[in-house]
Amino acid sequence: MAKKKKRVNNNLPKREIIDAGCYIDFEGFAGNEHQKFPPPVLIGIFRHGNFKQIVFTEKYRWAALDPGVSHSVEYRPDRAEYLSELANSTSQNKPLFAFSYYEKNIIEFQVKHSIERRYRNVLGISKKCFNRKPEAFPERSSNKLNTLMGITETLGVSIPEKLPKGGVTSRLRDVRDYSHTHQAWAKAPAGIRKKWREILEHNRSDCECLHEVLAALRARV
């Protein structure tokens with residue numbers, strides 16, 4: 001007998017669950033024929049109004065220890081252990097929220113078990129709200145609703161200007177040339193340090209606006 005496919009929960013959460021959630025976003029390199037789920041370089045975490053980033057990859061250690069931003073940035077080489085701790089700190093009433101299923105797939109690949117019941121997909125939730133109550137979103141444009149930028153525009157959620165497609169990975173490559181040793185990072189040009197800050201701020205914006213998207217949906221539906 002074939003296994004019954006799990007139903008994906010794309011219902012809009014109650015406000016107390018939205019506020020209790022943990023909002024995450026990974027930055028790293030795309031999958032390829034050698035690695036379907038490459039280990040993420042860093043994760044951004046927004047929870048209870050506080051934001052922090054954890055850098056996992058050793059080649060970015062010294063950039064992590066001298067980030068040049070106002071929020072907390074830590075270096076934790078124990079990627080799988082940290083992600084397991086993070087997943088275990090959440091629940092159905094305090095879910096992990098991310099924009100798509102990418103973060104879920106990465107975490108499950110790292111920790112080797114399912115986090116389905118404690119994970120919520122903001123893209124799926126948004127699309128369900130748009131489709132079930134289109135009259136509440138007269139400004140929506142169907143060709144924009146697969147991107148975070150398109151959804152924030154539809155909801156009137158203000159976010160800083162984002163890096164272009166490929167902008168994060170190109171900056172990660174440039175920063176990597178200097179961040180692998182303390183001595184190299186001390187000599188990193190101002191332009192390289194700026195690129196690192198841009199990566200970190202881009203990631204922060206993506207995390208924090210997920211909460212704003214759900215709050216805006218809840219206000220309309």
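Helices (H or I, at least four residues) and strands (E, at least two) are DSSP runs, numbered from the N terminus. This is a predicted model, where local features need pLDDT of at least 70, side-chain atom pairs count only at pLDDT 80 or more, and totals for chains, interfaces and linings use all residues. Residues are numbered from 1 along each chain as its sequence is written, and side-chain values use heavy atoms, with hydrogens and water left out.

**Exercise 1. The whole chain**

Task: Find how many helices and strands the chain has, and state its overall dimensions.

Solution: 
- Step 1. Count the elements: there are nine helices and six strands.
- Step 2. Check the radius of gyration (taken over C-alpha atoms) against the globule rule, 2.2 Å times the number of residues to the power 0.38. The chain has a radius of 18 Å, close to the 17 Å that the rule gives for 221 residues, so it is as compact as a globular protein of that length.
- Step 3. Take the span of the C-alpha trace along the principal axes: about 55 × 45 × 35 Å.
- Step 4. Apply the burial terms: buried is under 20% relative accessible area, exposed is over 50%, and partly exposed is in between (1.4 Å probe, protein chains only). Buried residues make up 48% of the 221 residues.

**Exercise 2. Salt bridges**

Task: Find how many salt bridges the structure has. Then describe the pairs E108 with K104 and K195 with D174.

Solution: 
- Step 1. Recall the idea: side chains of opposite charge can pair when their charged atoms come close. The cut-off here is a side-chain nitrogen of Lys or Arg within 4 Å of a carboxyl oxygen of Asp or Glu.
- Step 2. Search the whole structure: eleven salt bridges turn up.
- Step 3. Take E108 and K104, whose closest N and O atoms are 3.1 Å apart. Both sit in helix α4 (residues 102-111), four residues apart, about one turn of the helix.
- Step 4. E108 is buried at 18% relative accessible area, and K104 is buried at 9%.
- Step 5. Take K195 and D174, which meet at 2.6 Å, N to O. K195 lies in helix α9 (residues 190-220) and D174 in helix α7 (residues 167-179), so the pair ties together parts that are 21 residues apart in sequence.
- Step 6. Check these two as well. K195 is partly exposed at 27%, and D174 is partly exposed at 26%.

**Exercise 3. A network**

Task: Which residues are linked with R76 in a network of salt bridges?

Solution: 
- Step 1. Start with R76 and D78: their side chains meet at 3.0 Å, N to O.
- Step 2. Widen the view: R76, D78 and E85 are linked in a network.

**Exercise 4. Nonpolar cores**

Task: Which residues of the largest nonpolar core touch the most other members?

Solution: 
- Step 1. Look among the 28 members: I151, L155, L214 and L217 touch the most others.
- Step 2. List the elements that give two or more residues: α1 (15-20), α5 (122-132), α6 (148-155) and α9. The largest share, seven residues, comes from α9.
- Step 3. Look elsewhere: apart from this core lies another of 19 residues, among them L42, A63, V73 and L163.

Conventions:
Core = buried A, V, L, I, M, F, W, Y, C linked by side-chain atoms within 4.5 Å.
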